[in-house]
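Hello,

Here is the protein structure for you to take over. My notes on it follow below.

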Amino acid sequence: TQVEFIQKYMTNLWNICYKAIEKNEFYKFDENYDLVSAPEYTSVKQTLEAVIDLESLCNEMILEELVRDNDVGAGSLYMAIDFSKIDGEKYHKFTFECPWDFNWGYSPIEYDKDGGKFWAGKKQYFAGAWQSLFIGDDKYERSYPWFILFNKADWFRQMLRDKWNQIGKDNLYRVLKNVDAAADFACKDLNRNGAHNITDFVRSRIEYMDKNLWK
């Protein structure tokens with residue numbers, strides 16, 4: 001029964017988002033989490049922020065872009081919601097939460113099995129786009145439909161840019177400097193070099209994202 005409810009909820013949540021972004025049609029949940037028309041909503045953003053914690057989605061997409069986690073569309077992402085409807089609950093809306101499984105992250109596009117050919121000339125080439133089938137040997141489809149759908153909305157891309165500016169390049173660089181210092185203090189030669197390779201990769205991603213994404 002719980003599995004059937006979760007399937008119903010997720011399907012209807014996706015339909016609310018898809019119909020709003022792709023068709024400019026506004027729906028909401030009724031008390032049974034079935035879809036009903038929402039004539040009181042007058043914009044796509046208003047419709048979606050009623051059911052999704054949009055800031056958490058911004059945070060998640062920025063993180064996945066920053067580290068280029070090639071597993072993002074293969075199940076390596078969790079979401080949460082509290083259906084108890086208690087005042088003050090943390091997850092009163094569908095919330096993108098608990099990022100994990102980054103062993104396929106921090107990898108330049110030229111390390112893909114096709115040498116990065118799929119991404120040639122593509123500016124927004126990771127979390128907000130369809131993924132290459134040549135990331136790994138299994139050729140598994142790792143595109144993430146939620147990111148792709150929301151990335152089509154101009155107002156959401158502006159939210160991403162505003163959030164990115166709020167985080168700030170300088171703050172990210174300070175974090176990386178502290179990571180480098182910790183690696184120099186605590187790691188042996190091999191692990192130290194590996195840590196610096198990761199922070200150097202993130203620095204290059206910061207510059208790329210700042211110049212190219214969510215314009």
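**Pockets**

The lining of the second largest pocket divides into 12 nonpolar residues, no polar and no charged. Here Ala, Val, Leu, Ile, Met, Phe, Trp, Tyr, Cys and Pro count as nonpolar, Asp, Glu, Lys and Arg as charged, and the others, Gly among them, as polar. This is a predicted model, in which local features need pLDDT of at least 70, side-chain atom pairs count only at pLDDT 80 or more, and totals for chains, interfaces and linings use all residues. Residues are numbered from 1 along each chain as its sequence is written, and side-chain values use heavy atoms, with hydrogens and water left out.

The volume of the second largest pocket is about 190 Å³. A pocket is an open set of points on a 1 Å grid over the protein atoms alone, where a 1.4 Å probe fits, with protein on both sides within 12 Å along at least five of seven lines; lining residues have an atom within 4 Å of a point. Volume is the space filled by probe spheres set on the points, which are joined across faces, edges and corners. Residues lining the second largest pocket include Ile 6, Tyr 9, Met 10, Phe 94, Tyr 144 and Trp 146. At least two lining residues come from each of α1 (2-23) and β3 (78-80). Helices (H or I, at least four residues) and strands (E, at least two) are DSSP runs, numbered from the N terminus.

The largest pocket has a volume of about 250 Å³. It is lined by 18 residues, and Phe 29, Tyr 33, Ala 50, Val 51 and His 92 are the closest to its centre. Strand β1 gives the most to this lining, with three residues. The lining of the largest pocket holds nine nonpolar, two polar and seven charged residues.

**Confidence**

The protein chain has an average pLDDT of 89, and 98% of the residues score at least 70. pLDDT is the predictor's confidence in each residue, from 0 to 100.

Helix α3 is largely enclosed by the rest of the structure, because 11 of its 14 residues are buried. Buried means under 20% relative accessible area, exposed over 50%, partly exposed in between (1.4 Å probe, protein chains only). The buried residues of α3 include Leu 57, Cys 58, Glu 60, Glu 64 and Glu 65. Glu 55 also sits in α3 (residues 54-67), but is partly exposed at 45% relative accessible area.

Helix α5 (residues 154-167) has 14 residues and reaches 20 Å from first C-alpha to last, close to the 20 Å expected. The expected span is 1.5 Å times one less than the number of residues. Among the buried residues of α5 are Phe 156, Arg 161, Lys 163 and Trp 164. Gly 168 follows α5 and has a positive phi, near 85°.

**Cysteines**

How many disulfides are there? The count is zero, where a disulfide is a pair of cysteine sulfur atoms within 2.5 Å. The closest cysteine sulfur to that of Cys 98 is in Cys 58, 19 Å away, too far for a bond. Cys 98 is partly exposed, at 46% relative accessible area. Cys 187 is partly exposed too, at 24%.

Best wishes
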